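Good morning, and thank you for the time.

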Amino acid sequence: QVQLVESGGGLVQAGGSLRLSCAVSGSILSINAMGWYRQTPGNERELVAVVMSGGITNYADSVKGRFTISRDNAKNTVYLQMNSLKPEDTAVYYCNTDLRTRLGVRQIDWGQGTQVTVSS
């Protein structure tokens, strides 16, 4: 069983910064991709950023230059540094992993979500 525990959400004023963390634990053999998605009411969940095991990253156009994703493989943790936040960044942010368990099973897992609210 795999658990993803997120932290770091909250309320911030426009122009401010927040750092999200997601610690992954359980019966893990390897983690290919680690990413962050976000969702607002009535909308589909959308990709914010992803980092592959080799370090390659990909960002949504709306966050390029403002957000930075990174991962600590020793800790099985992924981070999202969010700077110059805008009210439109307000959403529930979800951690996501594409990993292989010790039994060799590939699976996609999600965190419980953390609320980020940016006030104008």
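Which residues does Thr97 touch, not counting residues up to four places away in sequence? They are Leu4, Val24, Ile31, Ala33, Met34, Gln107, Ile108 and Asp109, where contact means heavy atoms within 4.5 Å.

A word on the source: this is a predicted model, in which local features need pLDDT of at least 70 and side-chain atom pairs count only at pLDDT 80 or more, while totals for chains, interfaces and linings use all residues. Residues are numbered from 1 along each chain as its sequence is written, and side-chain values use heavy atoms, with hydrogens and water left out.

Thr97 belongs to strand S9, residues 91–101; strands are DSSP runs of E, at least two residues, numbered from the N terminus. With 0% relative accessibility, Thr97 is buried (under 20% relative accessible area; exposed is over 50%, partly exposed in between; 1.4 Å probe, protein chains only). Its C-alpha atom is 8.8 Å from that of Trp36, 61 residues apart along the chain.

I turn to the rings. There is one aromatic pair, the criterion being ring centres of Phe, Tyr or Trp (its six-membered ring) within 6.5 Å. Tyr37 and Trp110 have centres 5.0 Å apart and planes at 70°, so they are edge-to-face (planes over 60 degrees apart). Because Tyr37 lies in strand S4 and Trp110 in strand S10, the pair ties together parts 73 residues apart in sequence. Tyr37 is partly exposed at 23%, and Trp110 is partly exposed at 38%.

Finally, Arg45 lies over the face of Trp110, 4.6 Å from the ring centre, and over that of Tyr94, at 3.6 Å; the rule asks for CZ of Arg, or NZ of Lys, within 6 Å of the ring centre and within 35 degrees of the ring normal.

Definitions and conventions
Helix = DSSP H or I, 4+ residues; strand = E, 2+ residues; numbered from the N terminus. Phe/Tyr/Trp six-rings, centres within 6.5 Å; stacked < 30°, edge-to-face > 60°.
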